Amino acid sequence: MDYHKPVLLHQCIELLKIDPEGIYVDVTFGGGGHSREILKRLKGGHLYAFDQDPDAEANIPQSEHFTLIKANFRYLKKMLRMHGVNKINGLLADFGISSHQIDQPQKGFSLRHEGPLDMRMNPALELSAEKVVNDYTTDELTRILREYGELRQSYRIARAITESRPLKTTADLRGALSAFEPRQKPARFWAQVFQAIRIEVNQEIAVIHELLEQTAELLVAGGRMVCLSYHSLEDRPVKNFFRY
C-alpha cells in the first residue's frame, strides 16, 4: 500500500461485480492494491495482472489464482492467449502514473525530486523524455504540449525548450521554462508540462484506445470494464468508446 495507494478501491470492486469463478484482468498492477481485493473474492477463478515496470514485481501476491504478465497492456489479447485465455469476466484499468513512480528521482517524472529526464514507465523503451526535449522539432513539441498538456502558450514554451538545449535533468527543464511559471497555481503548470512529455514518451493515449478495442472483444456477455481516469485526455476516449 506504501507503493501506491489504490484510488476508489471499494467502488471499483463493487462495480466489477466479481464472479468467484470468473477470469479477471488488472491491467495496471502497480502496488497490487486493486488486485489483492479482487483475489479476496475469487475461489475457482483467476486474476491476470499487467505491469511493464520491473519495480512492480516486488508486490506479487502469493496466490495460485494470480499471474503477473510483465508487459504493456496494449498487448492484452496476445498475452492472454499465450496463457490460454480468450474470454474474461471483467477488467480494471487505473490509468496514469503511480505515486511510486513519482517518488523515484531516477525516473524523472516530477519536479518533486531532481533527476534525469527519463519518464519511461518501461525502462526498456527507446524513447525517453530526454530524447523528446532534445530531438523533437519546435512544431512537434508544440503539438504534444498543446494536445497532451493543454497549454495555451505551447509554441512559445516549445521554442524555449529548443533554444535551451541540451537539457539533461528535470532541473534543466525547469530552468528553461521558469519564465512561464505563473504566480498562481505554478504546480498546475509544471504538472501539465510533465504530463505532456510523459504521455508522448509512453504513448499513453494510443495505448488506451488499443486497450478499449481489445477489451470489447474479450469480455463475456454481461462482463464489466472499470476505468479510473484523472484528466479529460483519458476520460474522453473511454466515455466515447463506451457510448459507441
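Q: A pocket is an open set of points, on a 1 Å grid over the protein atoms alone, where a 1.4 Å probe fits, with protein on both sides within 12 Å along at least five of seven lines; lining residues have an atom within 4 Å of a point. Which residues line the second largest pocket?
A: This is a predicted model, where local features need pLDDT of at least 70 and side-chain atom pairs 80 or more, while totals for chains, interfaces and linings use all residues. Residues are numbered from 1 along each chain as its sequence is written, and side-chain values use heavy atoms, without hydrogens or water. The second largest pocket is lined by Glu-150, Leu-151, Arg-152, Gln-153, Ile-157, Phe-180, Pro-182, Gln-184, Lys-185, Arg-188, Phe-189 and Gln-192.

Q: Which element gives the most to the lining of the second largest pocket?
A: The lining of this second largest pocket divides into five nonpolar (Ala, Val, Leu, Ile, Met, Phe, Trp, Tyr, Cys, Pro), four charged (Asp, Glu, Lys, Arg) and three polar residues (the others, Gly among them). The biggest contribution, three residues, is from α9.

Q: Which element gives the largest share of the lining of the largest pocket?
A: Helices here are DSSP runs (H or I, at least four residues), numbered from the N terminus. α2 (33-40), α4 (99-102), α9 (186-202) and α10 (204-218) each give two or more residues to the lining of the largest pocket. The largest share, eight residues, belongs to α9.
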